[in-house]
Amino acid sequence: LLVEDDATSCMEINDYINQLDDVTLVASTNNASTAIEYMEKFLPDAVILDLELHQGGGDGLFFLAQLQQLELSKHPYILVTTNNSSNITYESARQLGADFILAKYQENYSAQYVVEFLRIMKKVIFSEKQIPAAQPSESKDKRLIQKIQHELNLIGISPKVIGYRYLTDAILATINEPKTRIFKVLGEKYKKTDASIERAMQN
């Protein structure tokens with residue numbers, strides 16, 4: 001997720017990410033409140049967060065404070081970008097959950113540098129951050145699950161409902177090996193009755 005109010009920076013980051021196979025930009029916004037909505041909708045693994053959103057709404061510290069109030073199934077890696085040089089502001093961002101801060105005024109700062117920093121950190125991000133229980137360890141399945149959940153989010157199915165996990169598992173299982181008794185398969189996995197699995201998915 002990209003939270004940035006500078007149109008040129010947004011375009012440069014988006015263009016660079018589009019050249020890569022292992023990074024996807026799920027959304028971008030210049031508004032802190034909208035960014036919180038995107039957090040719940042897309043559950044991104046990482047956030048590129050500009051502290052100053054003068055052309056948008058709110059600011060990065062507001063976003064971090066609101067993010068702490070969400071009960072997300074996984075916490076994203078927060079990469080802060082800023083023109084601010086205040087140590088007090090930096091410390092506030094860290095206390096609110098920022099993982100790393102990149103100063104935009106440093107000599108080697110660029111859209112490519114920001115994205116490549118996250119790529120370098122990717123193994124740490126996936127090992128340190130809590131991954132939802134529905135996701136298996138296989139990298140192929142992880143990518144499939146991300147795509148499945150992205151589509152579920154787009155049609156308005158909340159990640160907070162238990163049927164969301166069952167639907168994700170059911171779609172993944174069907175992709176890997178079509179099953180006719182999916183409710184029974186999921187019931188055995190989650191120690192639930194077939195009927196309760198079906199009811200949760202329908203809800």
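**Close-up views of helix packing, aromatic pairs and positive phi**

**View 1. Helices α3 and α4.** In this predicted model, the axes of α3 and helix α4 (residues 87-95) come within 9 Å and cross at roughly 20°. α3 is therefore roughly parallel to α4; angles under 35 degrees count as roughly parallel, over 145 as roughly antiparallel, 65 to 115 as roughly perpendicular and the rest as oblique. Axes are lines fitted to C-alpha atoms, for helices over the stretch in contact, and angles run from 0 to 180 degrees between N-to-C directions. Helices (H or I, at least four residues) and strands (E, at least two) are DSSP runs, numbered from the N terminus. The α3 and α4 crossing is left-handed. A left-handed crossing has the near helix turned anticlockwise from the far one by less than a right angle; a right-handed one has it turned clockwise. Leu-61, Leu-64 and Gln-68 of α3 touch Thr-89, Ser-92, Ala-93 and Gln-95 of α4, where contact means heavy atoms within 4.5 Å. By class, this contact of α3 with α4 has 3 nonpolar, 4 polar and no charged residues. Ala, Val, Leu, Ile, Met, Phe, Trp, Tyr, Cys and Pro count as nonpolar, Asp, Glu, Lys and Arg as charged, and the others, Gly among them, as polar.

**View 2. Helices α2 and α3.** Helix α2 (residues 32-42) packs on helix α3 (residues 60-69) at about 35°, with the axes 9 Å apart. The crossing of α2 and α3 is right-handed. From α2, the contact draws on Ala-32, Ser-33, Ala-35, Ile-36 and Met-39; from α3, on Phe-62, Phe-63, Gln-66 and Leu-67. The α2 with α3 contact has 7 nonpolar, 2 polar and no charged residues.

**View 3. Tyr-38 and Phe-42.** The whole structure holds 3 aromatic pairs. In one, the ring centres of Tyr-38 and Phe-42 are 5.7 Å apart and the planes lie at 55°, so the pair is tilted. Rings of Phe, Tyr and Trp (its six-membered ring) pair if their centres lie within 6.5 Å; planes under 30 degrees apart count as stacked, over 60 as edge-to-face and the rest as tilted. Both residues sit in helix α2, 4 residues apart, about one turn of the helix. Tyr-38 is partly exposed at 24% relative accessibility, whereas Phe-42 is buried at 13%. Buried means under 20% relative accessible area, exposed over 50%, partly exposed in between (1.4 Å probe, protein chains only).

**View 4. Tyr-166 and Tyr-190.** This aromatic pair is also tilted, at 5.1 Å centre to centre and 55° between the planes. Tyr-166 in helix α8 (residues 162-176) and Tyr-190 in helix α9 (residues 182-190) are 24 residues apart, and the pair links distant parts of the chain. Both tyrosines are buried.

**View 5. Helices α9 and α10.** The axes of α9 and helix α10 (residues 194-202) come within 8 Å and cross at roughly 105°. The two helices are therefore roughly perpendicular. Phe-183, Lys-184, Leu-186 and Gly-187 of α9 meet Asp-194, Ile-197, Glu-198 and Met-201 of α10. The contact has 4 nonpolar, 1 polar and 3 charged residues.

View 6. Most residues other than glycine have a negative phi. Leu-43 has a positive phi of about 45°. Leu-43 lies in the loop between α2 and β3 (46-50) and is buried at 10% relative accessibility. Lys-191 has a positive phi near 60°. Lys-191 lies in the loop between α9 and α10 and is exposed at 71% relative accessibility.

**Notes.** Residues are numbered from 1 along each chain as its sequence is written, and side-chain values use heavy atoms, without hydrogens and water. Local features need pLDDT of at least 70, side-chain atom pairs count only at pLDDT 80 or more, and totals for chains, interfaces and linings use all residues.
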